[in-house]
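Let's take a friendly look at some aromatic side chains and their surroundings. Have the sequence and the structure at hand as you read.

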Amino acid sequence: MADTVIPASERGRAVLTRFGFESAPGTIATAWKPARYYSLTAGMERPLVRDDQLGVALTNDRDTTLRRQGLPGGSLRRVAPLNLEEIPLWLSLGLSRAAATGSGSNYVHVLTSGAGPTDTATLLQKWANDSWTWDLGVALGSFGIRMSKAETVARIDMTLIGLKDAEDDEAPAGTVAAAYAADQSLSDWRWAVYWNDTLIGDALT
């Protein structure tokens with residue numbers, strides 16, 4: 001399947017995406033969580049590349065119409081809002097995630113590097129023509145956070161790696177949980193510096 005880039009601004013709410021943790025890498029998920037995004041790529045890519053050869057009509061012209069399959073690529077990209085409830089889903093695809101501690105609304109999530117990702121995911125997309133595609137065995141290759149004093153909401157830019165993809169006219173089986181609430185808490189922030197739990201400076205908005 002060709003690499004497909006569908007910005008949210010182009011397709012609007014016609015494009016639906018879901019996130020599901022896998023029991024094993026490449027095994028399709030059976031429980032889904034709606035996920036927000038600004039832009040995404042979906043599907044594995046194996047482009048056709050030039051393979052110039054000497055012409056066969058007793059000339060030295062090279063036939064520029066011939067193409068061959070290039071190397072397969074599994075690099076996926078996604079730009080998502082920095083939702084504090086959704087970001088642990090993405091980070092656990094690249095970091096080791098410990099069980100949450102705390103109670104009520106004061107949960108503490110610890111994600112560390114060096115031990116490999118805790119999970120892989122299946123990313124599911126429904127397109128404007130009502131077809132479905134999904135990427136399996138998805139892990140996080142790299143990510144960056146954009147938090148600047150601007151009108152846009154803070155965002156996370158991700159490069160993801162997938163094992164394979166599939167498509168169908170119907171959605172895969174599984175339960176779909178309610179979406180997390182929209183989170184605007186990082187749109188109005190300020191930096192603070194602490195030393196031994198004592199505030200030593202902050203940046204007022």
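A residue counts as buried here when its relative accessible area is under 20%, as exposed when that area is over 50%, and as partly exposed in between. Keep in mind that this is a predicted model.

**Aromatic pairs**

By that cut-off, both Phe19 and Trp90 are buried. For Phe19 the relative accessibility is 3%, which is why it falls in the buried class. Phe21, at 30%, counts as partly exposed.

How many aromatic pairs does the structure hold? There are 2, and they are set out below.

| Pair | Distance between ring centres | Angle between planes | Geometry |
|---|---|---|---|
| Phe19 and Phe21 | 5.0 Å | 85° | edge-to-face |
| Phe19 and Trp90 | 5.2 Å | 90° | edge-to-face |

The pair of Phe19 and Trp90 links distant parts of the chain: Phe19 belongs to strand E2 (residues 16-21) and Trp90 to helix H2 (residues 87-91), 71 residues apart. Together, Phe19, Phe21 and Trp90 make up one aromatic cluster.

**Charges over rings**

Which residue lies over the face of Tyr38? That is Arg155, at 3.7 Å from the ring centre. Tyr180 has Lys33 over its face, at 4.1 Å from the ring centre.

Val193, Trp195 and Ile200 make a nonpolar surface patch of about 360 Å². Of these residues, Val193 sits in strand E17 (residues 192-195). Its relative accessibility is 45%, so Val193 counts as partly exposed.

Key: Residues numbered from 1 in each chain as written. Predicted model: local features only at pLDDT ≥ 70, side-chain atom pairs only at ≥ 80, totals over all residues. Heavy atoms only, no water. Patch = residues over 30% accessible without salt bridge, like charges linked within 9 Å, V, L, I, M, F, W, Y side chains within 5 Å. Areas by Shrake-Rupley, 256 points an atom, 1.4 Å probe, with all protein chains shown as cover. Salt bridge = Lys/Arg side-chain N within 4 Å of Asp/Glu carboxyl O. Helix = DSSP H or I, 4+ residues; strand = E, 2+ residues; numbered from the N terminus. Buried < 20%, exposed > 50% of the residue type's maximum accessible area, 1.4 Å probe, protein only. Phe/Tyr/Trp six-rings, centres within 6.5 Å; stacked < 30°, edge-to-face > 60°. Lys NZ or Arg CZ within 6 Å of the ring centre and 35° of its normal.
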